[in-house]
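Thanks for coming. Please have a look at the structure on the screen, and I will then go through some of its side-chain contacts.

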Amino acid sequence: MFSKEESKRLKQDFWTSFGKSFPRKWTLYDTKVKGLIFKFQFNLKTAEVSIEVDHNNLEIRMDVWEKLISLKSIIINDYLPNAIFDDSFVVNQNKEISKIYIVKENVSIHNKNSWQETMVFFNTQMNLIESFFEDYKDIIS
(Lines give C-alpha, C1' and ligand atoms only; values in the text may rest on other atoms or scores of the structure.)
Protein backbone atom coordinates (compact mmCIF):
# COMPACT_ATOMS: atom_id res chain seq x y z
CA MET A 1 0.00 0.00 0.00
CA PHE A 2 1.30 3.45 -0.89
CA SER A 3 0.68 6.69 0.97
CA LYS A 4 -0.91 9.58 -0.90
CA GLU A 5 2.48 11.26 -1.12
CA GLU A 6 4.18 8.12 -2.47
CA SER A 7 1.39 7.60 -4.99
CA LYS A 8 1.59 11.23 -6.11
CA ARG A 9 5.37 10.96 -6.51
CA LEU A 10 5.06 7.74 -8.55
CA LYS A 11 2.52 9.40 -10.86
CA GLN A 12 4.78 12.40 -11.36
CA ASP A 13 7.76 10.12 -11.96
CA PHE A 14 5.85 8.10 -14.55
CA TRP A 15 4.66 11.11 -16.55
CA THR A 16 8.10 12.74 -16.39
CA SER A 17 9.69 9.51 -17.58
CA PHE A 18 7.11 9.13 -20.34
CA GLY A 19 7.79 12.66 -21.55
CA LYS A 20 11.52 12.01 -21.63
CA SER A 21 11.14 8.63 -23.35
CA PHE A 22 8.72 9.92 -26.01
CA PRO A 23 9.44 13.64 -26.32
CA ARG A 24 6.89 15.16 -28.63
CA LYS A 25 3.88 17.41 -28.54
CA TRP A 26 0.69 15.37 -28.50
CA THR A 27 -2.56 16.78 -29.90
CA LEU A 28 -4.63 15.92 -26.78
CA TYR A 29 -6.80 19.02 -26.13
CA ASP A 30 -5.71 20.89 -29.27
CA THR A 31 -7.92 19.14 -31.85
CA LYS A 32 -9.65 22.37 -32.90
CA VAL A 33 -12.94 20.41 -32.82
CA LYS A 34 -15.31 21.57 -30.08
CA GLY A 35 -15.54 18.97 -27.37
CA LEU A 36 -13.12 16.48 -28.97
CA ILE A 37 -10.07 15.55 -26.92
CA PHE A 38 -7.53 12.72 -26.77
CA LYS A 39 -6.43 11.35 -23.41
CA PHE A 40 -3.93 9.13 -21.69
CA GLN A 41 -5.03 7.53 -18.41
CA PHE A 42 -3.04 5.25 -16.16
CA ASN A 43 -4.23 3.94 -12.81
CA LEU A 44 -3.68 1.03 -10.45
CA LYS A 45 -5.03 -1.67 -12.81
CA THR A 46 -5.11 -0.41 -16.39
CA ALA A 47 -3.80 2.07 -18.91
CA GLU A 48 -6.07 3.67 -21.48
CA VAL A 49 -5.83 5.86 -24.54
CA SER A 50 -9.03 7.52 -25.68
CA ILE A 51 -10.86 9.81 -28.04
CA GLU A 52 -13.47 11.60 -25.96
CA VAL A 53 -16.39 13.73 -27.01
CA ASP A 54 -17.03 15.88 -23.98
CA HIS A 55 -19.25 18.87 -24.61
CA ASN A 56 -21.92 20.36 -22.37
CA ASN A 57 -24.17 20.90 -25.37
CA LEU A 58 -25.70 17.49 -26.12
CA GLU A 59 -26.44 18.44 -29.72
CA ILE A 60 -22.79 19.29 -30.41
CA ARG A 61 -21.63 16.15 -28.61
CA MET A 62 -23.97 13.95 -30.63
CA ASP A 63 -22.98 15.63 -33.89
CA VAL A 64 -19.28 14.91 -33.33
CA TRP A 65 -20.06 11.39 -32.06
CA GLU A 66 -22.17 10.56 -35.13
CA LYS A 67 -19.30 11.64 -37.38
CA LEU A 68 -16.94 9.33 -35.48
CA ILE A 69 -19.45 6.47 -35.65
CA SER A 70 -19.74 6.96 -39.41
CA LEU A 71 -15.99 6.17 -39.51
CA LYS A 72 -16.20 3.20 -37.12
CA SER A 73 -15.29 0.53 -39.67
CA ILE A 74 -12.29 2.59 -40.79
CA ILE A 75 -11.18 3.14 -37.20
CA ILE A 76 -11.39 -0.58 -36.44
CA ASN A 77 -10.02 -1.90 -39.73
CA ASP A 78 -7.23 0.60 -40.32
CA TYR A 79 -6.21 2.09 -36.98
CA LEU A 80 -7.55 0.66 -33.72
CA PRO A 81 -8.81 -2.93 -34.07
CA ASN A 82 -9.38 -3.26 -30.31
CA ALA A 83 -11.26 0.02 -29.89
CA ILE A 84 -14.30 0.11 -27.63
CA PHE A 85 -17.08 2.51 -28.59
CA ASP A 86 -19.31 3.89 -25.84
CA ASP A 87 -21.81 6.62 -26.62
CA SER A 88 -22.70 7.23 -22.97
CA PHE A 89 -19.69 6.70 -20.75
CA VAL A 90 -20.17 8.09 -17.24
CA VAL A 91 -17.24 9.99 -15.73
CA ASN A 92 -16.84 11.76 -12.40
CA GLN A 93 -19.89 13.37 -10.85
CA ASN A 94 -22.22 11.47 -13.18
CA LYS A 95 -21.19 13.47 -16.23
CA GLU A 96 -21.82 11.63 -19.48
CA ILE A 97 -19.43 11.68 -22.43
CA SER A 98 -19.00 9.64 -25.60
CA LYS A 99 -15.75 7.77 -25.90
CA ILE A 100 -13.64 5.52 -28.10
CA TYR A 101 -10.90 3.85 -26.10
CA ILE A 102 -8.26 1.13 -26.00
CA VAL A 103 -7.36 -0.50 -22.70
CA LYS A 104 -4.18 -2.22 -21.56
CA GLU A 105 -4.90 -4.59 -18.68
CA ASN A 106 -2.57 -5.83 -15.93
CA VAL A 107 -0.44 -2.72 -15.63
CA SER A 108 -0.23 -0.36 -12.67
CA ILE A 109 1.13 3.11 -12.20
CA HIS A 110 2.40 1.84 -8.84
CA ASN A 111 4.42 -0.94 -10.51
CA LYS A 112 7.53 0.45 -12.19
CA ASN A 113 8.03 -2.91 -13.90
CA SER A 114 4.94 -2.17 -16.05
CA TRP A 115 5.93 1.38 -16.95
CA GLN A 116 7.93 0.67 -20.11
CA GLU A 117 5.20 -1.58 -21.48
CA THR A 118 2.64 1.14 -20.74
CA MET A 119 4.75 3.88 -22.34
CA VAL A 120 5.10 1.85 -25.53
CA PHE A 121 1.33 1.20 -25.49
CA PHE A 122 0.61 4.92 -25.02
CA ASN A 123 2.99 5.95 -27.78
CA THR A 124 1.74 3.35 -30.26
CA GLN A 125 -1.97 3.87 -29.66
CA MET A 126 -1.88 7.67 -29.49
CA ASN A 127 0.14 7.78 -32.71
CA LEU A 128 -2.63 5.72 -34.34
CA ILE A 129 -5.32 8.01 -32.94
CA GLU A 130 -3.49 11.08 -34.20
CA SER A 131 -2.93 9.47 -37.62
CA PHE A 132 -6.63 8.68 -37.88
CA PHE A 133 -7.49 12.23 -36.85
CA GLU A 134 -5.12 13.78 -39.37
CA ASP A 135 -6.55 11.60 -42.13
CA TYR A 136 -10.22 12.30 -41.26
CA LYS A 137 -10.34 15.63 -39.41
CA ASP A 138 -12.12 17.30 -42.33
CA ILE A 139 -15.01 14.87 -41.90
CA ILE A 140 -15.04 15.16 -38.09
CA SER A 141 -14.83 18.99 -38.01
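I will talk about ring pairs, then charges over rings, then salt bridges.

This is a predicted model, in which local features need pLDDT of at least 70, side-chain atom pairs count only at pLDDT 80 or more, and totals for chains, interfaces and linings use all residues. Residues are numbered from 1 along each chain as its sequence is written, and side-chain values use heavy atoms, with hydrogens and water left out.

Rings first. There are 22 aromatic pairs in the structure. Rings of Phe, Tyr and Trp (its six-membered ring) pair if their centres lie within 6.5 Å; planes under 30 degrees apart count as stacked, over 60 as edge-to-face, and the rest as tilted. Tryptophan 15 and phenylalanine 122 are stacked, because their ring centres are 5.6 Å apart and their planes at 10 degrees. Tryptophan 15 lies in helix 1 (residues 4–21) and phenylalanine 122 in helix 4 (residues 115–140), so to speak of distant parts of the chain, they are 107 residues apart. Helices here are DSSP runs of H or I with at least four residues, strands are runs of E with at least two, and both are numbered from the N terminus.

Buried means under 20% relative accessible area, exposed over 50%, and partly exposed in between (1.4 Å probe, protein chains only).

Phenylalanine 122 also pairs with phenylalanine 121; the centres are 6.0 Å apart and the planes at 40 degrees, so this pair is tilted. Ring pairs join these residues into a cluster that also includes Phe14, Phe18 and Trp26.

Trp26 brings us to charges. The charged end of arginine 24 sits over the ring of tryptophan 26, 4.0 Å from its centre. That term requires CZ of Arg or NZ of Lys within 6 Å of the ring centre and within 35 degrees of the ring normal.

Arginine 24 also forms a salt bridge with glutamate 130, at 2.4 Å from N to O. A salt bridge is a side-chain nitrogen of Lys or Arg within 4 Å of a carboxyl oxygen of Asp or Glu. Glutamate 130 is in helix 4 and arginine 24 in the loop between helix 1 and strand 1 (36–42), so the pair ties together parts 106 residues apart in sequence. Glutamate 130 is buried, at 7%.

In total, the structure holds 11 salt bridges.
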